[in-house]
Amino acid sequence: MFEAGIVSLDLARLLSQVDQLGAETAQRQVERAAALPKAQAALHQAAGLDPSAIQQRIERAGDRWRGASPGSEAWQISLPAPPLPPRWHAIGADGSQVYPDRHAAAQFCLVNVGSLCLTHGSGEAPVASSRPRLLFRQDELTTTQGEAVDAALVNGMRDVAEMTELADLAERFPAEPTLALLDNGLLLWLALQEFERRAPEVDALLKHYLGQMDRLRRTQAALAGVIDRPRGTNLLRLVELCMLPPEQVNPESARLRRFPNLVDRDLLETLLPPGHRSAMFQVVSPLNAAFEARGHGVHFFYLNTGYDGQIARVEVPAWVAEDADRLSCVHAGILEECRLTGIPYVLVRAHELAVVTQHDRSALESLIAGALLRQGIEPRISQKSTTKRWTASRRRHRL
Amino acid sequence: MTEKRTVIGRVTRCSIRGFVGGIRLRQPDLPVFGGWCQAPAQGGETAVVGLIYDISIEDDELARQLAAADAPSPEQQADSQLNRPIPIELQALTVGYRRAGTWVQALPPQPPITLAEITGLEPAEVRAFTQRLDFLPLALSTAEVPADQVVAAALRQAAEARPRDERRPFLLQAGQECARWLGQDLGRLERLLRDLQAGGEA
């Protein structure tokens with residue numbers, strides 16, 4: 001089972017903990033199996049409630065409740081994929097980054113966006129691209145409060161760069177069916193984390209991000225975020241909310257979990273045959289309200305990708321959710337893209353084009369060292385980095 | 001040595017007798033068997049000349065997944081063949097070196113060092129190197145590589161690097177040189193000459 005290799009971890013000390021992990025995982029599976037029929041029954045019951053009674057509960061749940069709001073489709077509906085046109089475009093963008101490192105010879109960070117633009121039905125090779133951007137100026141590495149740019153902000157820049165890449169590519173096909181994919185949710189993660197703090201940098205990134213979504217909406221592109229093995233519980237929280245009598249719903253009771261071991265995916269695995277999608281729901285959160293105000297309110301559905309029974313969560317903006325043609329492109333297009341690789345092929349390749357490996361990073365650091373030397377500056381890493389390099393090649397236990 | 005050349009590999013291990021390089025290249029840019037290549041050594045003072053005798057494509061999980069699938073689309077096939085950098089390893093047999101603009105057909109004083117850039121020889125360089133064929137005994141006597149096939153392929157490429165009317169005379173001269181060194185093994189000589197003849201007829 002194990003391949004011979006070199007490990008530095010003291011595995012002997014971990015053995016008993018690993019055994020406990022296995023037992024814990026098995027126990028959780030038993031608990032999930034016991035909870036699932038109850039959750040499914042609750043879903044069935046909640047689906048039959050009067051929409052106004054559901055809306056009343058959602059309103060009483062308060063701002064901090066992170067559930068889903070139902071749309072017009074029946075909750076337990078399972079929809080097959082519509083046909084695809086003979087020729088259509090699939091675009092995927094993905095990003096990676098190098099965070100600022102105070103131990104490095106020079107201060108910088110890097111955002112690299114990879115993308116693939118594949119025209120189905122053309123027989124032609126897709127267009128692959130990789131766009132690295134080095135950030136090194138003082139105003140790029142410091143916030144308006146004078147603090148160093150942190151990993152969260154770099155991630156936000158990467159997310160904006162991904163959306164910008166999709167918009168740039170989609171504008172090449174303004175009147176043709178185009179599926180534009182990201183491999184994460186559509187709500188800007190940084191803004192999700194920092195929404196209440198409202199730092200100027202976060203606001204600026206959010207504004208830019210929404211601006212790119214505006215550009216995509218003006219094309220015929222069907223924008224979607226695909227989340228593989230989703231851990232989302234928005235739908236379950238809605239079901240749990242519906243289990244409470246309306247008069248008992250308040251922010252405290254709404255946060256109590258009835259099915260803490262389950263995620264939405266568990267609930268839908270048995271409902272969705274291969275290729276089918278679930279009903280559409282809307283994310284309930286203050287950030288999504290801000291997206292909605294710009295016409296980009298995020299909706300989601302679950303999809304059996306047809307690849308080994310996997311269930312993916314697909315997020316789309318309102319202008320896709322409410323446009324039958326764009327929604328068809330998302331549903332059928334993702335299925336076709338998943339046919340060989342389980343997650344959309346364009347995203348697999350975009351990741352390959354974006355990823356910054358340790359080898360890439362070392363090559364970049366060598367280039368930077370050369371640039372410093374040409375300026376008469378000796379490139380010096382910190383003593384801590386130096387000592388890490390000393391110990392990186394120490395003798396290791398052979399497994 | 002300052003002109004911009006296409007890098008076809010970077011040295012990963014080497015000895016005086018040959019070098020091995022790895023790189024990720026797109027399929028159209030892959031080097032060919034018997035190709036002429038060089039890698040700098042001695043801090044750029046010399047360029048070690050090699051003949052590529054093996055090209056292997058390393059394992060690639062995505063390509064394996066697509067190959068195992070029922071029917072990758074034409075676009076995905078084209079992507080793999082034209083866009084995706086293929087992780088390759090090439091092995092070259094050292095047949096000489098260049099120092100200060102002079103070609104020497106003998107083993108070099110030092111091998112290239114790790115990560116030295118391996119580039120192809122330009123046609124003019126191939127012509128210049130093969131003005132003499134003193135490298136033949138060195139190449140033909142190398143064990144554990146397909147020496148005869150790689151020599152024949154390299155000589156055919158050296159012929160291709162010449163004007164059309166010089167190709168056949170060059171191959172005839174090369175065949176005579178090979179006969180000098182393989183005269184004791186007529187079976188081996190015959191196979192090599194047939195390989196060369198195929199190039200001359202092409």
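This is a predicted model: local features need pLDDT of at least 70, side-chain atom pairs count only at pLDDT 80 or more; totals for chains, interfaces and linings use all residues.
A:Asp308 lies in the loop that runs between strand S9 (298-304) and strand S10 (311-317) of chain A, and its phi is positive, at about 60 degrees, although it is not a glycine. Most residues other than glycine have a negative phi.

A residue of chain B also has a positive phi without being a glycine: B:Ala100, with a value of about 50 degrees. B:Ala100 is placed in the loop between strand S5 (86-99) and strand S6 (102-104) of chain B, and it counts as exposed because 6 C-beta neighbours lie inside 10 Å.

## Overall build of chain A

Chain A contains 15 helices and 11 strands. Its radius of gyration is 24 Å, close to the 21 Å that the globule rule gives for 399 residues, so chain A is as compact as a globular protein of that length. Along the principal axes, the C-alpha trace of chain A spans about 75 × 60 × 50 Å.

Of the 399 residues in chain A, 37% are buried. Among the contacts in chain A with a separation of 6 or more, 78% are accounted for by residues 24 or more positions apart.

In soluble globular proteins, nonpolar side chains tend to be buried together. The largest nonpolar core in the model has 96 residues, and those with the most contacts inside it are A:Ile91, A:Leu166, A:Ala180, A:Leu223, A:Ala224, A:Val314 and A:Val330. Helix H4 (residues 151-170) of chain A gives the largest share of this core, 10 residues.

Which residues is A:Ile91 in contact with, leaving aside its neighbours within four places in sequence? The list includes A:Ser115 and A:Cys117, then A:Leu166, A:Leu169 and A:Ala170, as well as A:Thr178, A:Leu179, A:Ala180 and A:Leu181, and also A:Val346. A second core, separate and of 48 residues, includes B:Ile88, B:Tyr97, B:Val126 and B:Leu193.

## Where the chains touch

The contact between the chains takes 14 residues from chain A and 13 residues from chain B. On the side of chain B that touches chain A, helix H1 (61-68) and helix H2 (74-83) of chain B each supply at least two residues, and the largest share, seven residues, comes from H2(B). Sorted by class, this side of chain B has seven nonpolar, four polar and two charged residues.

Definitions and conventions. Residues are numbered from 1 along each chain as its sequence is written. Chains are lettered from A and ligands numbered from 1 in the order in which they are written. Helices (H or I, at least four residues) and strands (E, at least two) are DSSP runs, numbered from the N terminus. The radius of gyration is taken over C-alpha atoms; the globule rule is 2.2 Å times the number of residues to the power 0.38. A residue is buried if 20 or more other C-beta atoms lie within 10 Å of its own, exposed if 12 or fewer, and partly exposed in between; C-beta atoms are placed from the backbone. Two residues are in contact if their C-beta atoms, placed from the backbone, lie within 7 Å. Ala, Val, Leu, Ile, Met, Phe, Trp, Tyr, Cys and Pro count as nonpolar, Asp, Glu, Lys and Arg as charged, and the others, Gly among them, as polar. A nonpolar core is a set of buried Ala, Val, Leu, Ile, Met, Phe, Trp, Tyr and Cys residues joined through C-beta atoms within 7 Å.
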